[in-house]
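Please keep the sequence and the model in view while reading.

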Amino acid sequence: MATGRTHRPATRSRGIPEATVARLPLYLRALTALSERSVPTVSSEELAAAAGVNSAKLRKDFSYLGSYGTRGVGYDVEYLVYQISRELGLTQDWPVVIVGIGNLGAALANYGGFASRGFRVAALIDADPAMAGKPVAGMPVQHTDDLEKIIEDNGVSIGVIATPAGAAQQVSERLIAAGVTSILNFAPTVLSVPEGVDVRKVDLSIELQILAFHEQRKAGEGAAAASAVADSAGDVGGAGGVAAADDEAAAGVGTGAAPAAALVPPAGRGAAAARKGGPDGDVPAVMPA
């Protein structure tokens, strides 16, 4: 079986966009789940929904792989699993070293998903002499003094950094000098690496901060909606009160006001009675002088 040193994925030379490459693992995860359920084919709409993307984007991504599916049938699940795995370089063995075996490093070492996806944890490395020889996930931890030899002996090209932030840059430089060309960085810091070295950063605190932003925005939108409802209810109540007051005033009741006839000054009541005019009591449009 080939190791990580003998072959590197050709996605860039084939002109596959980085955004498409980033989505291929999502498709592979959804397809693997379908394969485990013995589902033979899947439509672009179903697969897109399972991967969390829209179907037009999925079809565009698959066109870069030369896979277009069959109209009325969809995509062959097993073939797509093979095709994407091959494109990602997962049809071979990728030895990986994890540097920094604290709580996070130990959790990564115990993660069972690496082996099933083509990654073999070749070594666990830590700078603490007290950790040397201690078994973690069934493997003895080795000291950083042996880092270069470990990388060379195992043909490692992918390193995982799970050290404190202050040690991450130095560790990355040693990994690169020893031949590592891809790094997965869990340390909460930005690494400076030479051209040709790929770094993927996973910062859990940043992800939590992004979620906090969305939670705050949702809370603000909820408060604004509640305020709008309250204001609307107040406006309706106020309008109803004004309308009721107007109705009551017109009827001369319920407002403490006297009837309209009582508002006519005594001296003018005779004139008011005279203005009733004709037999129907209509008020003339023009009064005679």
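Y27, F62 and Y75 form one aromatic cluster, where rings of Phe, Tyr and Trp (its six-membered ring) pair if their centres lie within 6.5 Å, and planes under 30 degrees apart count as stacked, over 60 as edge-to-face and the rest as tilted. The model is predicted, so that local features need pLDDT of at least 70 and side-chain atom pairs count only at pLDDT 80 or more, while totals for chains, interfaces and linings use all residues. Residues are numbered from 1 along each chain as its sequence is written, and side-chain values use heavy atoms, with hydrogens and water left out.

A pair of aromatic rings is described by the distance of the centres and the angle of the planes. Searching the whole structure gives four aromatic pairs, and two of them are set out here.

| Pair | Centre to centre | Angle between planes | Class |
|---|---|---|---|
| F62 and Y75 | 5.1 Å | 85° | edge-to-face |
| Y79 and Y82 | 6.4 Å | 45° | tilted |

The pair of F62 and Y75 links distant parts of the chain, since F62 belongs to helix α3 (residues 55–64) and Y75 to strand β2 (residues 75–76), 13 residues apart; helices (H or I, at least four residues) and strands (E, at least two) are DSSP runs, numbered from the N terminus. Both F62 and Y75 are buried, a term for under 20% relative accessible area, with exposed over 50% and partly exposed in between (1.4 Å probe, protein chains only). Y79 and Y82, by contrast, both lie in helix α4 (residues 77–88), three residues apart, about one turn of the helix. Y79 is partly exposed, with a relative accessible area of 42%, and for Y82 the value is 42%, again partly exposed.

T144 sits in the loop between β6 (139–143) and α7 (147–154) and counts as buried because its relative accessibility is 11%. Leaving aside neighbours within four places in sequence, T144 is in contact (heavy atoms within 4.5 Å) with I125, D126, A127 and R174.
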